[in-house]
Amino acid sequence: MNLAIVKISGKYLEEFTSTMAGVNLIKNLQQKYSSVILIHGGGKLITEWAEKMGIKSDFFEGQRITCKETMEITAAVQGGLINSKLTAYLHKYRIKAIGLNGIDMDSFVAEYVNDKLGFVGNPISNLDDAKWIKDLLKDDVLPVFSSICRDKDGNLMNVNADLFAGAIAKLLKADSVFFVSDIEGVILNGKYQNSLSANELKNGISTGEINNGMIPKINSCLNLLSNGVSNIWIGNEINNNHVKGTWIVN
């Protein structure tokens, strides 16, 4: 199986579903890979819906501080509204898809990051294998994952979608991982870089030039590198003719 993982950010969702960008991206990758999995965040819409409910959004090191009320909004918006919109959009263009999350088939159990973040966790695979996901891929189904998970007691957990993409890629031994967002790539030394090494990324985090929401994305990339995934990309434009953005290399 030649597998590509595509993670789209909350900021890219509107462009993905309101234009041909999403279907073109998926179909281009399906020409190069035998299987594709789509993973999505929901940051912008979650913030908007939290504001409608009178709840302020706060972040710590790029992750949303999640109380019980925020967790319920996150699950409703990311796992319900956004996941449904994505699968509906894909079926409109005859791409066979299924909406899923990290709880399905008891695939992942999240471990709490720290007390400050609340119901925010790191995803830990709960599967001996991923046969049920592989069976979907063999049937040419495109799994569309929301990154919502559970803790060991069954509480809903907010898992950063970049970290979830890394966990899925590690579980299924993906060949390539593409992080698609509204940014052209990773900025270091004041400009977008075509490629960056693990050491350069770690240095960027330590100096503060890489910050906020980019931190979990870069941490996911570093984890993927250490697990043997060699094709890792961050950017906002992929097509058949050229690929812009930043490649993450050893």
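A residue is termed buried under 20% relative accessible area, exposed over 50% and partly exposed in between, with a 1.4 Å probe and protein chains only. The model is predicted, so local features need pLDDT of at least 70 and side-chain atom pairs pLDDT 80 or more, whereas totals for chains, interfaces and linings use all residues. Residues are numbered from 1 along each chain as its sequence is written, and side-chain values use heavy atoms, without hydrogens and water.

Ala130 counts as buried because its relative accessibility is 2%. Ala130 is located in the loop between β7 (121–125) and α5 (131–138). Contacts (heavy atoms within 4.5 Å) link Ala130 to Leu171 and Leu172, residues up to four places away in sequence not being counted. The C-alpha atoms of Ala130 and Met105 are 9.7 Å apart, at a sequence separation of 25 residues.

A nonpolar core is a set of buried Ala, Val, Leu, Ile, Met, Phe, Trp, Tyr and Cys residues joined through side-chain atoms within 4.5 Å. The largest one has 45 residues, and Ile5, Ile37, Ile39, Phe145 and Ile168 have the most contacts inside it. Helix α6 supplies eight residues, the largest share of this core. A second, separate core has 29 residues, among them Tyr12, Tyr33, Ile73 and Ala97.

Helix α6 (residues 161–172) also packs against helix α8 (residues 214–226), at an angle of about 15° and with the axes 8 Å apart. The two helices are therefore roughly parallel (angles under 35 degrees). Asp162, Leu163, Gly166 and Ala169 of α6 and Pro216, Lys217, Ser220 and Leu224 of α8 make the contact.

Technical notes: Axes fitted to C-alpha atoms, helices over the stretch in contact; angles between N-to-C directions. Helix = DSSP H or I, 4+ residues; strand = E, 2+ residues; numbered from the N terminus. Parallel < 35°, antiparallel > 145°, perpendicular 65-115°, else oblique.
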